[in-house]
Amino acid sequence: MNYKLFPVLLFGLFSFTTPSNNTTDPKIIASTSKVSFESKVVSLYNNLNANNFKLPQLESFTKALEGFYQLKQKGLVQNDILTLIDFSLSANSKRMWVIDMSTNTVLYNTLVAHGRNSGEEFATAFSNKSESYQSSLGFYLTGETYQGKHGLSLRLDGLERGINDKARDRAVVIHGADYVSEQFIKQNKRLGRSQGCPALPVELNQEIIKTIKDKSCLFIYHPSRSYKVASKLIS
């Protein structure tokens, strides 16, 4: 994978100019920086190679990039793959995207399950607690793979204290499941649900895990006010 493009992109996204009157008012500078960042994100979004997939919504993509670049700058993210899951969407839609940020290309767009206690077709409740059987929002770092009861699986480390940092203790991992399929939706009117893991279609599980493993960024989005207030990685 070519990582040489990242410094240029990062510089472009975070090289903001202050107003022409050279003001030092922090509120004005912050506002100008935010507008500049958002305009650059829109440009990046409009130039994504969709690869014949449907693109994520701009709102979720923008939030994903906010955290991705902060984590990249801190040296936590070492693999230029961004995985975005949008739990504001119906479970019956393909609401997970895997994007190669070094080439601005969407690699996968697929179904993904939420926790059984997070909701039926739509996820509405989230938790960081063990045995809650709910999904957790926020930013994760992908870890190592292992062979479990669902076959090849990928461990996740939640990066946001109080929001998802119990993910490894809760055994929240990426794995394949036969209840994540179009056939299951046809038979049950909705996608199947997990015990809190972002479960994937069996036929794509291995490909996706091999692509995103080893310290890439995963972001699970929902326009939850409580998450926005608690998160340190999005505005």
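Begin by selecting E120 and R190, which form a salt bridge (a side-chain nitrogen of Lys or Arg within 4 Å of a carboxyl oxygen of Asp or Glu), with their closest N and O atoms 3.1 Å apart. E120 lies in the loop between strand 3 (105–110) and strand 4 (138–148), and R190 in the loop between helix 4 (182–188) and strand 8 (200–201), so the pair ties together parts that are 70 residues apart in sequence; helices (H or I, at least four residues) and strands (E, at least two) are DSSP runs, numbered from the N terminus.

This is a predicted model, in which local features need pLDDT of at least 70 and side-chain atom pairs count only at pLDDT 80 or more, while totals for chains, interfaces and linings use all residues. Residues are numbered from 1 along each chain as its sequence is written, and side-chain values use heavy atoms, with hydrogens and water left out.

E120 is partly exposed at 47% relative accessibility, where buried means under 20% relative accessible area, exposed over 50%, and partly exposed in between (1.4 Å probe, protein chains only).

R155 sits in strand 5 (residues 151–158) and E144 in strand 4, 11 residues apart. Through shared partners, salt bridges join E144, R155, D157 and R168 into one network.

Finally, select helix 3 (residues 58–73), where 12 of the 16 residues are buried, so the helix is largely enclosed by the rest of the structure. Among the buried residues are F61, L65 and F68.

Definitions and conventions
The expected span of a helix is 1.5 Å times one less than its number of residues.
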